[in-house]
Amino acid sequence: PFLRLIEAASSPNNLVRKTSPKKIPNNMANANDTHFREHPGDPLTSFMTWNLSEGVFSDAGKPFIIPVSGLIIGGIMMKLNRESTTAKLVLYFGAQSFMNIFMSWVMRTSVTVPKGSEFHGYVLEADLTGCPAGFALTAMQQVISFIVFLLFFTAAYPTPYRYSPKKLNGGFEVFCVIIFGCVFALNIALNNFSLGYISIAVNLIIRSCLPLSTFLSQQVLAIFGLYPFKPCRWKEIFLMTIGVVCAGAFTMARMMGDQAKAKAKGGDKADADSSDMLLGVFMCVMSLLCGSLNLALAGVLGETKLNVYDTVAYMAIPATLFLLPIAMFYQKPVPGEWGKVFDKDTMSDYEILAGVWSLNPMTMLWLVLSGVFSFMYNIVQFSVVHTLSPSATAFGGNFNKAALIFLTLLLPFLRVHELPGSPYIQVIWAAVFINIAAFSYYSYLQILAKQEAAVKTKMEEYSESLQDESSDDEESSDSSSSGSGKLGKC
């Protein structure tokens, strides 16, 4: 398979000619040649593959200009001043936006099968994009990350930079690692799954609701005595609720607008697209809940103090084993025209991944690279975010989501589909502004609360130190007075 992948990368016309004629009888070779003429900006012909100067400014390369610029500028700023908070935030924005855009591109917008290809007597009228196999992809990312870690561990072992994973003490810490690994893997898998059905803007605005879902998860655990009750500050709860309502309004307006546009063009595609988007939204919400549960479990199960290398070393294998049965046996609806390509209505992620490999090995190369990029992103995130204050981290995360949502709405080359018309577009913009304003103000209140708590803690420590000093003075004065009394008696 590796030689086939290299052969495909070295010759564009070989990308799909390896397809077995027994499984998929079609004119893929001719359609592929037509695709290369009609899509000169496609990543298969330019971006990251053939001509760097043309690829960077192609439709596939343009979305990556902003995050790559952030990585370069942030890296230069970090080189000049490693302690600069601004440099760390710029680098964090570049890394997070690159990973979000790349995964959205891999799962939803990269061309896998060009239009004009014939399958079982049906000719595709539009390009088939991405690889809708989120669970299998996440399992593969975990395996690749573990392989990259082993290469790093082996290379560094005979050097002074030898790395040794943190030793787990007792069965409880092993249990914590397994639980964290499974919930974390499910969070990423569901998010990858959703990216195959919804745009990155919808995905990000749903995930911006993490503060409210985390708060509710902690309160539910507190009912069962597993977590201390968090104080109910009604202003913060009101702001989080407003943000969630706006996220729902954004999602509904996008769905209704896309459905209205599809119905105007005619055909039955509108209902199918609406069903696919509903499934994507549901999976994104489930991913959000898993992320909230992960944060809540951190308080219940305790901090294991694992860095990024420990996380990969200990969690990759349990996460993969957890995801494998889902990827192998769970039959899900095949989105869009994929059902006509594979001649099936439902398939498992493993079947989809194997089918995509037979259709276009280059797509598998991007999937493999996603595992490498995921490992590198985790290193950048751990190295940068863990050196920032909690308030700066919260600001950076909220800013990154807001910036990507705005950029997706403003820049046409970041969109999977055209924006809907009036009145839906007005609802979308209003929902975005109010959502970002609500959660930004919520983050500001959180920062103020943490600052007040820090000041209060310092005041208490100062008062305790004064009390200790006064008690020491009293003891010394008592001892001196008793000593003088004894001298008087003598």
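This is a predicted model: local features need pLDDT of at least 70, side-chain atom pairs count only at pLDDT 80 or more; totals for chains, interfaces and linings use all residues.
**Exercise 1.** Describe the chain as a whole: which secondary structure elements does it have, and what share of its residues is buried?

*Solution.* Start with the elements: the chain has 17 helices and six strands. Next, take burial, where 45% of the 490 residues count as buried. Finally, look at contacts with a separation of 6 or more: 72% of them join residues 24 or more positions apart.

**Exercise 2.** Work out how helix 6 (residues 134-156) and helix 7 (residues 170-195) are oriented to each other, and which residues make their contact.

*Solution.* Two packed helices are described by the angle between their axes and the distance between the axes. Here the axes come within 8 Å and cross at roughly 130 degrees. An angle over 145 degrees would count as roughly antiparallel, and 65 to 115 as roughly perpendicular; helix 6 and helix 7 are therefore oblique to each other. Their crossing is right-handed.

Now for the residues: helix 6 brings Gly134, Phe135, Leu137, Thr138, Gln141 and Gln142, while helix 7 brings Phe184, Ala185, Leu186, Ile188, Ala189, Leu190, Asn192 and Phe193. Sorted by type, the residues of this contact are nine nonpolar, five polar and no charged.

**Exercise 3.** Decide whether helix 8 (residues 200-207) is largely enclosed or open, and list its buried residues.

*Solution.* Buried means under 20% relative accessible area. The residues of helix 8 that are buried are Ile200, Ala201, Val202, Asn203, Leu204, Ile205 and Ile206. That makes seven of the eight residues, so helix 8 is largely enclosed by the rest of the structure.

Methods. Residues are numbered from 1 along each chain as its sequence is written. Side-chain values use heavy atoms; hydrogens and water are left out. Helices (H or I, at least four residues) and strands (E, at least two) are DSSP runs, numbered from the N terminus. Buried means under 20% relative accessible area, exposed over 50%, partly exposed in between (1.4 Å probe, protein chains only). Contact means heavy atoms within 4.5 Å. Axes are lines fitted to C-alpha atoms, for helices over the stretch in contact, and angles run from 0 to 180 degrees between N-to-C directions. Angles under 35 degrees count as roughly parallel, over 145 as roughly antiparallel, 65 to 115 as roughly perpendicular and the rest as oblique. A crossing is left-handed if the near helix is turned anticlockwise from the far one by less than a right angle, and right-handed if clockwise. Ala, Val, Leu, Ile, Met, Phe, Trp, Tyr, Cys and Pro count as nonpolar, Asp, Glu, Lys and Arg as charged, and the others, Gly among them, as polar.
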